[in-house]
Amino acid sequence: MAFDPKLQKLYELKKQAKLGGGQKRIEAQHKKGKLTARERIDLLLDDGSFTEMDMFVKHRCKDFGLDKEHYLSDGVITGYGTINSRLVFVFSQDFTVFGGSLSETYARKICKIMDMALKVGAPVIGINDSGGARIQEGVDSLGGYADIFLRNTLCSGVIPQISIVAGPCAGGAVYSPAITDFIFMVQNTSYMFVTGPNVVKTVTHEKVSFEELGGAMTHNSKSGVAHFACENEIEAFNFARQLMSYIPLNNLEDPPFLEPTDSNDRIEEELNNIVPDNPNKPYDMKEVIAHIVDNGEFFEIQKHWAANIIVGFARLGGHSVGIVGNQPMVLAGVLDIDSSCKAGRFIRFCDCFNIPLITFVDVPGFLPGTVQEFGGIIKHGAKLLYAYCEATVPKITVITRKAYGGAYDVMSSKHIRGDINLAWPSAELAVMGPKGAVEIIFKKEIASAENPEEMLEDKLNSFIDEFANPYKAAEHGYIDDVIEPKYTRPQLIRALQMLETKSDTNPSKKHGNIPL
């Protein structure tokens, strides 16, 4: 075959582009325990599926000597490929090129694939590893960030957006991941913050490390900014692939269906005894979920933050569902500021992307106290209420034990368009616990009795027999059925099958005004 200089040039340029900032910088990246931008894409996507775009892009800055330093791809790798044979778009920031700093052309590359993803209806996955804005480019770099933020907002609720933070993500750069649907962080190598430790020390005189201020566990357990804390990058990519198996490519699709290997009619005898006789004794709601969903597989989201509520994905009869459940093991499953925000955002994601919601209720109410009231529990609790009210996807609720006060209303009750509301015989639906109710209702009788303690005990026993059960609510149609716990799985699957053709709409409007 004759030598073709044009092809030779193409090969050389591609080889140059694939080296990023050069072999020495690649080795430095590896020494930090980090992969390169291209290695990350290869691990995330199906083998051989990646098609790169804009490999030959260079920055256009001529200030501060940058006219003498150019790298093909300009610090970010962009393109599309597949995860389990389903189309996704991806960008991967390259720390070996100017520390992954964002330039005008770099931003345009990201915006191009986001625009394309919106046109064709496919998710965008961003792998973040950047020192921030390219200072030499000034406002052009800042404008590039804003261009990305706008697209994040326009894509929200139309296509899923996933952020994998595999290195630094600081300053204005954090707001793009913050708008996306899910954030994965890698322990010990990734961090996110608006201002770094040095600025914090200067302004507030606090001494704090990078990890303490914005590390993976900080944002997974304290701030709730991130959704997953992964031991390494490979685990992050595996989790991202797993997440993709539960969600549709866009808001016009249904979630992916997997042919079930678990019987739809499976019954679980253990569920009949899982709720303790003592109403103050905890049990693990995750065990309840595991007994009910396909093959016991539950993909939990934000497990380290606001653990008094559980959210995540599972399957029932092969269909993807979003699970929300109060956790009696943590703060008795009470609702507070953090749990309301956590569940509210998850519910809205599921509603955006046609994922039915299954809610398991065991809630004693909202957490009292000045910390909660001064922190705005009224406003934040209303976010959860708003999310459930607004959601038009199939909504099925199972009350396993307590459903007290306003928390009963909030947790996908019949009154806020719950489609199927079931209860176990152990369920108690009331304004408050029996003892508190009796002390208020019979206050005068108890106070004037010869033996107040005996009177209280008698009234309490009568009240429990009469009202601490699901049957009063069932009489009024607020509960569709009281079921034996062991039949919960088949009941939920039948309800889901019935609701497959559900159609519900909200009044026509530009958008609602959720209490933020």
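Trainee: What's the strand order in the open sheet of 7 strands?
Mentor: It goes 1-2-3-4-5-7-9, and the pairing is mixed. Keep in mind that this is a predicted model.

Trainee: And which strands sit at the edges?
Mentor: Strand 1 (51-53) and strand 9 (228-230), each of which pairs on one side only.

Trainee: How much are neighbouring strands turned against each other in this sheet?
Mentor: By 20° on average, with direction ignored.

Trainee: Let's zoom in. How do strand 3 and strand 4 run, and how many bridges join them?
Mentor: Strand 3 (residues 86-93) and strand 4 (residues 124-128) run parallel, and 4 bridges join them.

Trainee: Which residue of strand 4 does valine 90 stand opposite?
Mentor: Valine 90 faces isoleucine 125 there. Serine 92, in turn, stands opposite isoleucine 127 of strand 4.

Trainee: Is strand 4 mostly covered or mostly open?
Mentor: Mostly covered, with 5 of its 5 residues buried.

Trainee: Which residues are on which side?
Mentor: Val124, Gly126 and Asn128 are on one side of strand 4, while Ile125 and Ile127 are on the other. Both faces are covered, and those residues are all buried. As background, side chains in a regular strand alternate between the two faces of the sheet.

Trainee: Switching to helices. At what angle do helix 4 and helix 5 pack?
Mentor: About 15°, with the axes of helix 4 (residues 104-120) and helix 5 (residues 139-155) 8 Å apart. Because of that angle, helix 4 counts as roughly parallel to helix 5.

Trainee: Is that crossing left-handed or right-handed?
Mentor: Left-handed for helix 4 and helix 5.

Trainee: Who makes the contact?
Mentor: From helix 4 you have Glu104, Ala107, Ile110, Cys111, Met114, Asp115 and Leu118. Helix 5 brings Asp140, Gly144, Asp147, Ile148, Arg151, Asn152, Leu154 and Cys155.

Trainee: How does that split into nonpolar, polar and charged?
Mentor: The contact of helix 4 with helix 5 has 8 nonpolar, 2 polar and 5 charged residues.

Trainee: OK, and what about helix 3 and helix 10, what angle do they pack at?
Mentor: Helix 3 (residues 37-44) and helix 10 (residues 233-244) pack at about 40°, and their axes are 9 Å apart. So helix 3 is oblique to helix 10. Helix 3 passes helix 10 in a right-handed crossing.

Trainee: Which residues touch in that pair?
Mentor: Arg40, Leu43 and Leu44 from helix 3, against Glu233, Ile234, Phe237, Ala240 and Arg241 from helix 10. By class, the contact of helix 3 with helix 10 has 5 nonpolar, no polar and 3 charged residues.

Trainee: Where is serine 73, and is it in a loop or a strand?
Mentor: Serine 73 is in the loop between strand 1 and strand 2 (76-83).

Trainee: Buried or exposed?
Mentor: Serine 73 counts as buried, because its relative accessibility is 2%.

Trainee: And what phi does leucine 331 have?
Mentor: A positive one of about 55°, and leucine 331 is not a glycine either. Leucine 331 lies in the loop between strand 12 (319-326) and helix 12 (337-352). At 52% relative accessibility, leucine 331 counts as exposed.

Trainee: Which residues does asparagine 308 touch?
Mentor: Leaving out residues up to four places away in sequence, asparagine 308 touches Gly325, Asn326, Gln327, Val330, Leu331, Gly333, Val334, Asp336 and Ser339.

Trainee: Where does asparagine 308 lie?
Mentor: In the loop between strand 10 (299-301) and strand 11 (309-316). Asparagine 308 counts as buried, because its relative accessibility is 3%.

Trainee: Last one, the whole chain. How many helices and strands?
Mentor: The protein chain has 20 helices and 17 strands. Of its 516 residues, 52% count as buried. The C-alpha atoms fill a box of roughly 105 × 55 × 45 Å along the principal axes.

Trainee: And what share of the contacts with a separation of 6 or more comes from residues 24 or more positions apart?
Mentor: 73% in the protein chain.

Technical notes:
Residues are numbered from 1 along each chain as its sequence is written. This is a predicted model: local features need pLDDT of at least 70, side-chain atom pairs count only at pLDDT 80 or more; totals for chains, interfaces and linings use all residues. Side-chain values use heavy atoms; hydrogens and water are left out. Axes are lines fitted to C-alpha atoms, for helices over the stretch in contact, and angles run from 0 to 180 degrees between N-to-C directions. Helices (H or I, at least four residues) and strands (E, at least two) are DSSP runs, numbered from the N terminus. Angles under 35 degrees count as roughly parallel, over 145 as roughly antiparallel, 65 to 115 as roughly perpendicular and the rest as oblique. A crossing is left-handed if the near helix is turned anticlockwise from the far one by less than a right angle, and right-handed if clockwise. Contact means heavy atoms within 4.5 Å. Ala, Val, Leu, Ile, Met, Phe, Trp, Tyr, Cys and Pro count as nonpolar, Asp, Glu, Lys and Arg as charged, and the others, Gly among them, as polar. Two strands pair if DSSP finds at least two bridges between them. Buried means under 20% relative accessible area, exposed over 50%, partly exposed in between (1.4 Å probe, protein chains only).
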